[in-house]
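Please keep the sequence and the structure in view while reading.

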Amino acid sequence: MFVLLNLKAYACDPVEIAAAAADVADETGVRVAVAPQTAAIGRVAETGVETWAQHVSGVGSGSHTGSTLAEAVADAGATGTLLNHSERRRRLADIDAGIRAAERAGLETVVCANNPRQIAAAARLEPDAVAVEPPELIGTGTPVSKADPEIVTDSVAAAGDEVPVLCGAGISTGEDLLAAAELGAEGVLLASGVAKADDPRAALEALVEPL
Ligand SMILES: O=C[C@H](O)COP(=O)(O)O
């Protein structure tokens, strides 16, 4: 299972969490990546943890003020990027351009989507993986794997054999992770369960413990 931890814009210490994630990955062999704020990518990557961007713009270098170049996050140490997160929705053409920009920069891609129909469309754009997240469950602590298991199984079917599916929203425990795996997800996308925890290291350790 791939554990992709999105720190969003939470008021947490990205380096402390990244160091904990690096240790947990080393000690358990579980693939754990951290997606901090863009400005923290370099510092997070220095911990040795697999580092992702939360978003890249679908543009190359040029007159694009305020954009986030895929090449820039790759230079800073990121090896992958989320695209079209529920809190950073893009139009289809922008998602396609974002995937192509990430490919040019050598970044792995996970395209997020709300439901199996959107997952089918996202998978046709040939990202490395897709992630299904029902927006109404994000940040609730109620795991998608329990609240809406069919959205995961239907997304796995919609994505087809070539594109792995992650699931996210409300995932915070090892039990949630196992449930996601049983539904066919190859990873989880999570945030608040670790980023807002009093002890993020303990939360991460507990998360991967049953794997
Ligand atoms: O990117 C992460 C997802 O939006 C899930 O967030 P959450 O774990 O806080 O529900």
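In this predicted model, the shell around the ligand is made up of five nonpolar, five polar and two charged residues. Its members are Asn 6, Lys 8, His 85, Glu 133, Ile 138, Gly 139, Ala 169, Gly 170, Leu 189, Leu 190, Ala 191 and Ser 192.

A polar side-chain atom of Glu 133 is found 3.0 Å from a ligand oxygen. From the backbone, a polar atom of Gly 170 lies 2.8 Å from an oxygen atom of the ligand, and a polar backbone atom of Ala 191 is likewise 2.8 Å from a ligand oxygen. The ligand on its own has 300 Å² of accessible area, of which the protein covers 99%.

Attention may now turn to the largest pocket, whose volume is about 220 Å³. Its lining consists of Asn 6, Lys 8, Gln 37, Thr 38, Gln 54, His 55, Thr 68, His 85, Glu 87 and Arg 88. By class, seven of these lining residues are polar and three are charged, with no nonpolar residue among them. Asn 6, Lys 8 and His 85 belong both to this lining and to the residues around the ligand.

A last stop is Asp 198, in the loop that runs between helix 9 (192–195) and helix 10 (200–208). Asp 198 has a relative accessible area of 83% and is therefore classed as exposed, the cut-off being over 50%. Its C-alpha atom is separated by 33 Å from that of Ala 70, a residue 128 positions away along the chain.

Methods:
Residues are numbered from 1 along each chain as its sequence is written. This is a predicted model: local features need pLDDT of at least 70, side-chain atom pairs count only at pLDDT 80 or more; totals for chains, interfaces and linings use all residues. Side-chain values use heavy atoms; hydrogens and water are left out. On a 1 Å grid over the protein atoms alone, a cavity is a set of points where a 1.4 Å probe fits but cannot get out, and a pocket is an open set with protein on both sides within 12 Å along at least five of seven lines; lining residues have an atom within 4 Å of a point. Grid points are joined across faces, edges and corners, and a volume is the space filled by probe spheres set on the points. Ala, Val, Leu, Ile, Met, Phe, Trp, Tyr, Cys and Pro count as nonpolar, Asp, Glu, Lys and Arg as charged, and the others, Gly among them, as polar. Helices (H or I, at least four residues) and strands (E, at least two) are DSSP runs, numbered from the N terminus. Buried means under 20% relative accessible area, exposed over 50%, partly exposed in between (1.4 Å probe, protein chains only). A residue is near a molecule or strand if one of its heavy atoms lies within 4 Å of it. A polar contact is a pair of N or O atoms within 3.5 Å; within protein, one must be able to donate a hydrogen and the other to accept it, and residues adjacent in sequence count only if both atoms are side-chain atoms. Accessible areas come from the Shrake-Rupley method with a 1.4 Å probe; for residues, only the protein chains shown count as cover.
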